[in-house]
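Visitor: I'm new to this one. Could you walk me through how to read the places where its parts meet?

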Amino acid sequence: MRLALFITCVNDLVYPATGEAVVRLLRRLGHAVEFPGAQTCCGQLHANSGYRDEALPLVRHYAEVFAPYDAVVTPSGSCAAMVREWYPRLVPEAADVAARTYELSELLTDVLGVTDTGASYPHRVAYHPTCHGMRVLGLGERPLRLLRAVRGIDLVPLPGAEECCGFGGTFALKNAGVSAAMLADKCRAAESTGADVLAAADNSCLAHIGGGLSRAGSGLRTVHYAEILAAGEGS
Amino acid sequence: MSAREEILARLRGALDGAAEAPAPPRPVVDARAQGDPELMAGRLRDYKAVVHRAGPGELAAVLGGVLAGVGVLAVPPDLPEAWLSAHSGRVLRDPDVAALDTVDAVLTGAAVAVAETGTIVLDAGPAQGRRALTLVPDRHVCVLFTRQIAPGVAQALARLRPTAPLTWISGPSATSDIELSRVEGVHGPRRLDVVIAEY
Amino acid sequence: MTHGTGNLSGADFPRAALPLLADDRLRRNLRHATGTIRAKRAAVVGEVDDWEELREAGRAIKAHTMRHLPELLERFEEAAAAAGATVHWARDATEACAIIGDLIAATGESEVVKVKSMATQEIGLNEALEARGITAVETDLAELIVQLAGDTPSHILVPAIHKNRGEIRDLFRAAMPGAQDVSDEPADLAAAARRHLREKFLSAKVAVSGANFAVAETGTLVVVESEGNGRMCLTLPETLISLVGVEKIVPSFADLEVFLRLLPRSSTGERMNPYTSMWTGVADGPSAVHIVLLDNGRSAVLADEVGRQALHCIRCSACLNVCPVYERTGGHAYGSVYPGPIGAILSPQLTGVAANRSLPFASTLCGACYEVCPVKIDIPRVLVHLRQEAPKSPVERAAMRAMSWVMRDPRRYARALRAAALPLRRRRTLRRAPWPLSAWTAARDLPLPAAKSFRERWKEGV
């Protein structure tokens, strides 16, 4: 199986450590992963903000770059949702590659049959299921099942976990007041868990929540769950 | 162009070239299917309705007990005399609205009921009278025969005549308008008694 | 394409939201009420085994209805007229107000009782009647609260959701005759409303209602309610006028099964609402029965292949109750009688997006609304679709174009990443950024680009 990594623009620019964790994790599990250097951005920002014409070249580019691969894995619930849910509507020829694009926990669980990544992470962790992963992709328990198998982890429930953090892409800028109110509630809920780490499947949501926590002077850190699944033994 | 013609033309124009949207297949409904009286009684109680049971031949006696203390009772014009044989209070047959506002209770039958939701349906048919009768008094006592209980909404609809004036009643009048918490008793009857009679 | 008029648009959403966000009591009231109803809904939906099949049936019946709306409306008109009703048609809000005003004027009455109806709110009926010297008395408890307070509704089902019991008690004491000593117990407040409205119900000669459903096959109208005020209005007066949006049609009487099961559970979180009335033309109640069929922009919504699903809405308000945006702003920020997620897709389509340009953006696209919608309206999809049509600022458009131009070419993209990388910065976050990112840093720190992008690290060997 030829497996490609779609890193996403936000991770490429701001969170390269997440991409490195995905690569390390897959190699540790015995899977080779390629990084097609021609990849850019999935076009979600444009498509969700009402710029379909500007998104289309990015959709076509993605379809072209990833066409040769049997599976594409990405450490982002919302980018995977963009590809799987919206690509077939925007560019019908992209439907094939869209169907072969997986969020990390889907690839691990459904394609590779992994139940234990062999990680160890001795921290108290709360997990925030981000909206597009939860509702569009239907990730369900997949990320949590993988996290529960991590050695030493103390996984604590997050109150109001299913409520949106208020990021929403350009929503955070266009509706800054409402976004900030939602953020404050999410930060309060995260702090109430007593966790050291708040994990999620989307670094964009985590940038928003982490930015709120750091502004409030909180000691709670945000970490992409791929970095937890890759942590410890063998890394 | 009349408003009617113009609106219909706009709607037709809006659908120009629209793909067909087939009607979903209609499940076959067995109108004679019987609902469970126990479920019906439980659902009624959940809505704070008061449920009474009458075995074969016990209806008049049970109603006598339920209506004890009712000074003035309104009934539809065709209420069976036998239902009132154990009741000694004053009875008004089909009173006007002003008089209805002064009675202590109204006694009627029902057309159909839905066990799944604890709903009774009145269709202005036998022993039910016109709609105002069961609305204005503060207490409604309703006789429901077990054979009238349908299991679900679909079977109840199949038993009803669509063009009859229909009132679906699920418990006493209520509101959720204050803080979205349900409170029983607003404009309709604040007390609902249902006598489930074997038949 | 002719758009609708009436109470469908207001101020820019983000600006209207600001004072509401600062109102702590409003936030507490909304959180409490929506939290209560969410739990009730989840419990009663959970006990229906075939809920997903039921939602799909609701969606399919509505899609079929919309596809055949002209024929079904004609069938409805014919059946209702045969049963003794008089059917009128209104192109827009102004025409509907005029028709209803004329019908009332012809009776010689100067006061009418009203059943809660979104359509009459939409067309601004009460204000139009007032201008003709006719008083419309709202009889639904929450509508009465809003009317007594001189306020506007903020929720589809519970127009006074923004007020708590203490505020309602104070209002009743001040504005309701004979309620000076009422307590803040909901049962006591409901009893005060019962006393206040009883005489109105028994003496009213004219009533105005909406309808939840209009059955094409039989000409039957359906009103779903809780308090009995609907039954009072539909049964006791001599004249009944019902304003019905053209999208309220269902093809057959048997179709009601699906909606009578979906609506109460989604709406008030009950297995069934206390009262549902169904009447066909003239029956054992009012002797003059009028039905006004309203377009007011609905035909324009129908013309949009993606957006027309907004017409499937059965006004349950489940989407409002789960919406994290609605929970924080309440309904008034939406500026339309239709607030919340459904309002964000319905109002801009009824008025044309240009007249409601901020509403399609009043959502994070979290999808909680779609998940609970009893007729499966894909609200996030329609929001994104409407964003496409919304007017944009030239600066934003230029920035989006530039970004797309860079991102569609791997070399340009790689150069841009290299240019953005900040290898020498020690701090990894920014506390204050220039516009437009200043909106971000107002509430949160901004993460800065890494020293090296992932692609550079990959080249160096991960």
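Guide: Happy to. Let's start with contact, which means heavy atoms within 4.5 Å. By that rule, 88 residues of chain C are in contact with 68 residues of chain B. Before we go on, this is a predicted model, where local features need pLDDT of at least 70 and side-chain atom pairs count only at pLDDT 80 or more, while totals for chains, interfaces and linings use all residues. Residues are numbered from 1 along each chain as its sequence is written, chains are lettered from A and ligands numbered from 1 in the order in which they are written, and side-chain values use heavy atoms, with hydrogens and water left out.

Visitor: Which chains have the most contacts among the two pairs that touch?

Guide: Chains B and C do. Chains A and B, on the other hand, do not touch, and their nearest C-alpha atoms are 17 Å apart.

Visitor: How do I read the area buried between chain C and chain B?

Guide: Buried area is the accessible area (1.4 Å probe) that two parts lose on being put together, summed over both. Here that comes to about 6,900 Å², with carbon and sulfur atoms giving 59%. C:Arg91, C:Arg194 and C:Arg271 supply 11% of the area that chain C buries against chain B, more than any other three residues.

Visitor: And how many salt bridges are there between chain C and chain B?

Guide: A salt bridge is a side-chain nitrogen of Lys or Arg within 4 Å of a carboxyl oxygen of Asp or Glu. The count for chains C and B is 14. To look at a salt bridge yourself, find B:Glu179 and C:Arg165, whose side chains meet at 3.0 Å, N to O.

Visitor: Which helix gives the largest share of the side of chain C that touches chain B?

Guide: Helices (H or I, at least four residues) and strands (E, at least two) are DSSP runs, numbered from the N terminus. Helix α10 (residues 186–203) of chain C gives that largest share, eleven residues.

Visitor: What about strands from chains B and C that pair?

Guide: Two strands pair if DSSP finds at least two bridges between them. Strand β9 (residues 166–169) of chain B pairs with strand β9 (residues 275–280) of chain C, in the antiparallel sense and over four bridges. Look for B:Trp168, whose bridge partner in β9(C) is C:Thr276.

Visitor: Now, what does the contact of chain C with chain A look like?

Guide: The area buried between chain C and chain A is about 5,500 Å², and carbon and sulfur atoms give 60% of that. The rule finds eleven salt bridges across this interface. A:Lys174 and C:Glu396 meet in a salt bridge through their side chains, at 2.6 Å from N to O. On the side of chain C that touches chain A, helix α19 (residues 394–407) of chain C has the largest share, with seven residues.

Visitor: Which domains does chain A have?

Guide: Domain bounds come from an automatic or database domain assignment. For chain A, that assignment gives domain 1 (3–111) and domain 2 (124–229). Their centres, taken over C-alpha atoms, are 21 Å apart.

Visitor: How many residues of these two domains of chain A are in contact?

Guide: Domain 1 puts in 27 residues and domain 2 puts in 20. The area buried between these domains of chain A is about 1,800 Å², 58% of it from carbon and sulfur atoms. The rule finds one salt bridge across this domain interface.
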